[in-house]
Amino acid sequence: MSIARNHNFQPDWAKPQNWPERRRAPGYPRRFVVPISIVLIVAVALAFWGFEKGPTWLVWIALAVFLVGHGVVYRLTLSRLRCPKCSKMVTLKGYPESGGFFKFHCRDCNIVWLTGVRVSDDVGD
Ligand SMILES: [Zn+2]
């Protein structure tokens, strides 16, 4: 009883038994590596085509494909995760800070799904 008293003033979320469990999300990096590669290949192919024989605007299209494609892939894959346990869609609250990891907290299961995917450090340097 005397030990427990010290913990009474802690908010619920600070109690170790209420900490979310951390688990590795299965298959997460695979889901965006393929679409990102496709976007990259299409963009590079268009840019080459534009430089070599096509009109110059093809290069601009390539740039647009690259930027829009990355945005779309980010929206569809990186920023969301279907909780492997309860199948609820968990979306990212905000882009992780530089050097931070993509992780998703499913509040229903109280599990933080770790992705192992990290935001590169050199953004904005
Ligand atoms: Zn869940």
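From the N terminus on, the protein chain runs α-β-α-α-β-β-β-β. That comes to three helices and five strands; helices (H or I, at least four residues) and strands (E, at least two) are DSSP runs, numbered from the N terminus. The model is predicted: local features need pLDDT of at least 70, side-chain atom pairs count only at pLDDT 80 or more, and totals for chains, interfaces and linings use all residues. Residues are numbered from 1 along each chain as its sequence is written.

**Whole chain**

- Buried residues make up 12% of the 125 residues in the protein chain. A residue is buried if 20 or more other C-beta atoms lie within 10 Å of its own, exposed if 12 or fewer, and partly exposed in between, with C-beta atoms placed from the backbone.
- Among contacts with a separation of 6 or more, 44% join residues 24 or more positions apart. Contact requires that the C-beta atoms of two residues, placed from the backbone, lie within 7 Å.

**Helix α3**

- Helix α3 covers residues 57-78, which is 22 residues. From first C-alpha to last, α3 reaches 30 Å, close to the 32 Å expected at 1.5 Å a residue. The expected span is 1.5 Å times one less than the number of residues.
- Ala-62, Val-73 and Leu-78 are the buried residues of α3. They cover an arc of only 65° around the axis, so they sit on the same side of α3. The arc is taken over the directions from the helix axis to the C-beta atoms.
- On the other side of α3, the exposed residues include Trp-57, Leu-67, Arg-75 and Leu-76.
- The buried residues of α3 pack against α2 (28-52) and β4 (101-106).

**The α2/α3 pair**

- The axes of α2 and α3 come within 8 Å and cross at roughly 175°. Axes are lines fitted to C-alpha atoms, for helices over the stretch in contact, and angles run from 0 to 180 degrees between N-to-C directions.
- The two helices, α2 and α3, are therefore roughly antiparallel to each other. Angles over 145 degrees count as roughly antiparallel, under 35 as roughly parallel, 65 to 115 as roughly perpendicular and the rest as oblique.
- Residues of α2 at this contact include Phe-32, Ile-36, Leu-46 and Trp-49.

- Three strands form an open sheet in the order β1-β5-β4, with mixed pairing. Two strands pair if DSSP finds at least two bridges between them.
- The edge strands are β1 (21-24) and β4, each pairing on one side only. Twist averages 30° from one strand to the next.
- β1 and β5 run parallel and are joined by four bridges. β4 and β5 (residues 111-118) run antiparallel and are joined by five bridges.
- Val-112 in β5 is the bridge partner of Arg-22. Val-112 also stands opposite His-105.
- Phe-102, Phe-104 and Cys-106 lie on the covered face of β4, while Phe-101, Lys-103 and His-105 lie on the uncovered one. In a regular strand the side chains alternate between the two faces of the sheet.

**Loops with positive phi**

- β4 and β5 form a hairpin with four residues between them. Asn-110 lies in that loop. Asn-110 has a positive phi of about 55° although it is not a glycine. Asn-110 is exposed, with 11 other C-beta atoms within 10 Å.
- Ser-87 sits in the loop between β2 (80-82) and β3 (89-91). Its phi is near 65°, positive in a residue other than glycine. Ser-87 is exposed, with 9 other C-beta atoms within 10 Å.
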